[in-house]
Amino acid sequence: MKQIERRSDCPISLSLDIFGDKWTLLILRDFIFFNNRHFNELVTVEKISTNILADRLNRLLENDIVKKEVDRNNKSSYLYSLTEKGIDLIPIVIEIYKWGANNIDGNNANSEFKNEVNSNFNKVTSKIVDRIKTTHNKV
């Protein structure tokens, strides 16, 4: 694993070095909410450039947040899946969604999902974690 130069030993700073940029969070969003797990699916979302996508996926791979395996349905394609460490990020990504849905005007939050997250955060998170554990372990 490529060693990241540490600014400090603060857990927040160290975490942000791994997943704290816009593109990485959007990639995680796509894994969690949209089940986009192929490189070509991820590159079309938010119009991320292929070199940035490759860099962010490599960082997630190096830090054991995602794994990459040959897609058994298409042997010439790879499928990215969240690992247990990646699954631990799900509540954080949902909290970011919740904050944006509640505090930024003009967002496109689905009102039904927003209400569900606001009233049953733990239940929604659990449901998503269970789905990811099931779908991301089937390659």
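Where is the place of Ser-13? Ser-13 sits in helix 1, which covers residues 11-19. Helices here are DSSP runs of H or I with at least four residues, strands are runs of E with at least two, and both are numbered from the N terminus. The model is a predicted one: local features need pLDDT of at least 70, side-chain atom pairs count only at pLDDT 80 or more, and totals for chains, interfaces and linings use all residues. Residues are numbered from 1 along each chain as its sequence is written, and side-chain values use heavy atoms, with hydrogens and water left out.

Ser-13 counts as buried because its relative accessibility is 13%. Buried means under 20% relative accessible area, exposed means over 50%, and partly exposed lies in between, using a 1.4 Å probe and protein chains only. Ser-13 touches Arg-7 and Ser-8, not counting residues up to four places away in sequence. Contact means heavy atoms within 4.5 Å. In helix 1, Asp-17, Ile-18 and Phe-19 are buried along with Ser-13. What covers these buried residues includes helix 2, helix 4 (50-62) and helix 6.

Now step along the chain to Asp-21. Asp-21 lies in the loop between helix 1 and helix 2. Asp-21 is buried, because its relative accessible area is 18%. Leaving aside neighbours within four places in sequence, Asp-21 is in contact with Leu-16, Arg-56 and Arg-59. At the start of helix 2, a side-chain oxygen of Asp-21 comes to within 3.1 Å of the backbone nitrogen of Trp-23. This is a polar contact, meaning a pair of N or O atoms within 3.5 Å; within protein, one must be able to donate a hydrogen and the other to accept it, and residues adjacent in sequence count only if both atoms are side-chain atoms.

Helix 2 comes next. It has 13 residues and reaches 17 Å from its first C-alpha to its last, close to the 18 Å expected at 1.5 Å a residue. The expected span is 1.5 Å times one less than the number of residues. The buried residues of helix 2 include Trp-23, Leu-26, Ile-27, Arg-29 and Asp-30. An α-helix has 3.6 residues a turn, so residues three or four places apart point the same way.

Just after helix 2, Asn-35 takes a positive phi of about 55°. Asn-35 is a residue other than glycine. It lies in the loop between helix 2 and helix 3. Asn-35 is partly exposed, because its relative accessible area is 33%. Glu-41, in helix 3 (residues 39-44), is in contact with Asn-35 and Asn-36, leaving aside neighbours within four places in sequence. Asp-64 also has a positive phi of about 55° although it is not a glycine. Asp-64 is found in the loop between helix 4 and strand 1 (66-71).

Next, look for empty space. Rolling a probe the size of a water molecule over the atoms shows where empty space is left. On a 1 Å grid over the protein atoms alone, a cavity is a set of points where a 1.4 Å probe fits but cannot get out, and a pocket is an open set with protein on both sides within 12 Å along at least five of seven lines; lining residues have an atom within 4 Å of a point. Grid points are joined across faces, edges and corners, and a volume is the space filled by probe spheres set on the points.

The largest pocket has a volume of about 610 Å³. Its lining holds 19 residues, and Arg-29, Phe-33, Phe-34, Tyr-97 and Asn-108 lie nearest the centre. Helix 2 (22-34), helix 6 (90-103) and helix 8 (121-135) are the elements that give two or more residues to this lining. Helix 2 gives the most, with seven. Arg-131 is in helix 8. Arg-131 touches Ile-32 and Phe-33, not counting residues up to four places away in sequence. Arg-131 and Ile-32 are 99 residues apart along the chain, yet their C-alpha atoms are separated by 9.1 Å.

How many cavities of 30 Å³ or more does a search of the whole structure find? The search finds one. About 60 Å³ of space lies in the largest cavity. Among its lining residues are Trp-23, Leu-42, Val-45 and Ile-48. Helix 2 again gives the most to the lining, with five residues.
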